[in-house]
Amino acid sequence: MADWYTTFANSGLGTTITKQLGLPRPAELRRHEPGQPLLPGPVVVGSAGAGRLRDTVTAVLRDAGVTVQSPVTADGATDGEKPAAVVLDATGLTGPGDLAGAHDFLAPAIKRLRASGRVLVLADPPAEATSPAQAAARQAVDGLVRSIGKELLDGSTANALFVPEGAEASLAGPLRFFLSGRSAYVDGQLLTVTAADVPENPDEVAPLAGKVAVVTGAARGIGAAIAQVLARDGAHVVAVDVPAAGDKLAEVANGIGGTALQLDITAADAPQRLVEHLRERHGGVDVVVHNAGITRDKLLVNMDATRWNTVMAVNLQAQLDITQALLDADGLLRDGARVVCVSSQSGIAGNRGQTNYAASKAGVIGMVRAWAPGFAARGATINAVAPGFIVTEMTATMPFGTREIGSRINSLQQGGLPVDVAETIAWLSQPAAAGVNGQTVRVCGQSMLGA
Amino acid sequence: MAESTTRRAAIVGGNRIPFARSGTAYAQASNQDMLTATLDGLVARFGLQGESVGEVVAGAVLKHARDFNLTREAVLGSKLAPTTPAYDVQQACGTGLEAAVLVANKIALGQIEAGIAGGVDTTSDAPLAVGDDLRRTLISLNSAKTVQDRLRALARIRPGMLAPEIPRNAEPRTGLAMGDHAAITAAEWGIGREEQDELAARSHQRMAAAYDRGFFDDLVTPFLGLARDNNLRPDSSVEKLAKLQPVFGTGEGATMTAGNSTPLTDGASAVLLASDEWARAKGLPVLAHLVDAQTAAVDYVHGGEGLLMAPVYAVPVLLARNGLTLQDFDFYEIHEAFASTVLATMKAWEDEAFCKGKLGLDAPLGAIDRARLNVNGSSLAAGHPFAATGGRIVASLAKMLHEAGPGKRGLISICAAGGQGVVAILES
């Protein structure tokens, strides 16, 4: 469901008015629906530099039933249908000179891109470059992709994946995600994959079939959407929220065939109670989503200790304590477990009046980075997702101006929906996402804040 | 041919909505609303969506005529499978516990594998009836065939017939309120004001502490904006209770106040019972087993016994059948209809003459360890929606026993209107 302005801007009269006045023209985004094809049209795949991933990309796309087109020639000769996505394999860049190939390939291809299209650039990680020239070329991809993201229209997005040598097997999951409707509101992001033992998803329609997932803060808003999407993807969801939200929580659990667990995650015995519940009822857990979070806004100089401490306790300390308890509980966190922690745009960009909140959410980013190697050692991953402006009950109460500006200052010119955050989390929870670890994925429509 | 052996029914868990004083948070809620919400909370807690359990048994003491199939209607409105059978029971304040016993017995006999026992009551949305004269007149009006007959029927209506009959918390055979009956018993047993107030204060304090440590996190689901029982007064004290005027009894001997008597309350509760195999197959816990139960009734009209003393008679029968003494329990849950009822019950069990003369025992049952009595508070704190009290107690006691470890035993004693009592033993 799009917001009122997006609906208006896409109506007959609204189209005329917004075009004439030069107003933002947010598009209705292509979002994932179970069973739909990966893409509504062909993908054009090209390379700049040696391009060692092209065969892998082509194989993944063919597996998904997507038609792969050859690059469009510089003189504009076309190859059939308009592409739904453009993938540039820019691995093997040796210096800035090789980037001309990127320009040659991307310019004509993007010109023909459909609405809600995808541009994905694959490159080697700049940090592993062996010469300054190579590092420069690799880092250039960063600026290239972010700029494309800002130029694209009609709900299209641009993202980049850095794929180190030896991590080719990790590519398929992220590749599918960034091309699919699941990544509708993920734009301008640069993600590094790592080498891992990557299992196949059991089923692309129900990639989480047979998994047990815990979602904290599941009674409403983004948490409820996460629970719903994980259940849609096949997981049994243990929906957790504070006892006072138990009626809403029961509604969510009953709507998805999950179970409700009323628990104050900041209680001293909460980690132990969660561990016991999971052991008794399910024997273990595969997916843990630390979503519960609160705000207690106030300028730092006016903030009392209670505001500071409660935000830290819920948003950061509880995530640490519960994760540690799950790690310590012998055999409870199953092999290939996935932990996803909800951070925030505020944790990246900072926000006036949110020193406590931003600090806690930045802390989450540090936490997943530090835990990632330990998780990798047990075939598991831990990542963070940082939502930008997401339309929820909470934002509905914001003053009109603040809300409208907040929702427009991103490349997609609209706020995201809770389901957009949920889709990213559900993807990170998949077996095939094994090669994404210690990362923070922003779901912000390429927000101008903190970018 | 069914198996002739029996098995003990397991208590898997429970759910209730917070109890609300009459005319407050649930003033606009019907029995069906409350029971349905309670079932849905139970479904969410145990993942029973679309599940057809063997039977749902529940009831209400105060019931509208339209609620003739209350429990089945609640099931149809819930997330349970619509193929789940249900029936209503009513045994006054014993309804909830009796429902649990009925479900447990069917499980014990292998007739069902799992079932839900519950109860609900509202005194806010209570049924009003018209007087018998008006009722008969309206029925003859309805069956009248001619205009003349109709006019004749209408002409019989008198202003005095228009006053509705409001249900009262009174015994039909004595015309006395339950509190008045309890006051007679309190006077007979010499139950003092201070010990009643102490018991009431302790009930509030213990229940508040239980809420604070999260004991009710998996026993209660909020409803209509209420997350805790709104009768609960965590800061209750003997000093505060001592200031209240007596409302039952007369003269010097009047000791019963609004503070040491339960208020009229709205609420609902449900308990999930099952065979051990069913629970295991579902990955659900077995908190305790329902070992045995007993009912009794006393002749409070002509026999000189107190209205609420029937459990005193039921317990020794239950103990004898199970080879137990009154002291063989880790927890005692004696329903606090009135503080004086709990105290009179215990006093009677300690009284040699009463135990020999009335109960036909060789010796008194003896005293119980007060530290084991209603350890997480009871009806004086939570309130007492008649039919919902049994489910509240069964689920809470089962959880206490489970927390205390295997082989622990608890006794439930619930008094009911009409001079009846239901008692039961649970064991972890």
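How many of the eight residues of strand β1 (residues 9–16) of chain B are buried? In this predicted model, eight of the eight residues of β1(B) are buried, and the strand is mostly covered. Strand β1(B) is joined to strand β10 (residues 265–274) of chain B by six bridges, in the antiparallel sense. Within this pairing, B:Arg16 has B:Ser269 of β10(B) as its bridge partner. An antiparallel pairing also links β1(B) with strand β11 (residues 288–297) of chain B, here through three bridges, and B:Ile11 lies opposite B:Ala288 of β11(B).

Elsewhere in chain B, B:Gly23 is located in the loop that connects β2 (20–21) with α1 (31–46). B:Gly23 has 13 C-beta neighbours inside 10 Å and therefore counts as partly exposed. Although 102 residues separate B:Gly23 from B:Asp125 in sequence, their C-alpha atoms are 8.4 Å apart in space.

Chain A contains an open sheet of six strands, arranged in the order β2-β1-β3-β4-β5-β6 with parallel pairing. Its edges are formed by β2 (68–69) and β6 (190–192) of chain A, each of which pairs on one side only. Strand β1 (residues 43–47) of chain A runs parallel to β2(A) and is joined to it by two bridges; A:Val43 stands opposite A:Val68 of β2(A). Helix α3 (residues 54–63) of chain A packs on this sheet and touches β1, β2 and β3 (85–89) of chain A, with its direction at about 170 degrees to that of β1(A). Helix α4 (residues 99–111) of chain A also packs on the sheet, where it touches β1, β3 and β4 (118–123) of chain A; the direction of α4(A) makes about 175 degrees with that of β3(A).

A further open sheet in chain A comprises seven strands in the order β9-β8-β7-β10-β11-β12-β13, again with parallel pairing. Four bridges connect strand β8 (residues 236–241) of chain A with β9(A) in the parallel sense, and A:Ala239 has A:Ala260 of β9(A) as its bridge partner. Helix α12 (residues 355–377) of chain A packs on the sheet through β11 (333–342), β12 (381–387) and β13 of chain A, and its direction makes about 160 degrees with that of β12(A).

Helix packing was also examined in chain A. The axes of helix α7 (residues 221–232) and helix α15 (residues 418–428) of chain A come within 8 Å and cross at roughly 50 degrees; the two helices are therefore oblique to each other. The crossing of α7(A) with α15(A) is right-handed. Residues making the contact include A:Ile222, A:Ala225 and A:Val229 of α7(A) and A:Val419, A:Ala422 and A:Ile425 of α15(A). By class, the contact residues of these helices comprise 11 nonpolar, two polar and one charged.

The contact between the chains involves 18 residues from chain A and 18 residues from chain B. On the chain A side, α8 (246–256), β9 (259–262) and α9 (270–282) each contribute at least two residues, and α8(A) gives the most, with five residues. The side of chain A that touches chain B has seven nonpolar, seven polar and four charged residues.

How values were computed:
Residues numbered from 1 in each chain as written. Chains lettered and ligands numbered in written order. Predicted model: local features only at pLDDT ≥ 70, side-chain atom pairs only at ≥ 80, totals over all residues. Axes fitted to C-alpha atoms, helices over the stretch in contact; angles between N-to-C directions. Parallel < 35°, antiparallel > 145°, perpendicular 65-115°, else oblique. Left-handed = near helix turned anticlockwise from the far one by under 90°. Contact = placed C-beta atoms within 7 Å. Nonpolar A, V, L, I, M, F, W, Y, C, P; charged D, E, K, R; others polar. Buried ≥ 20, exposed ≤ 12 C-beta atoms within 10 Å, placed from the backbone. Pairing = 2+ DSSP bridges.
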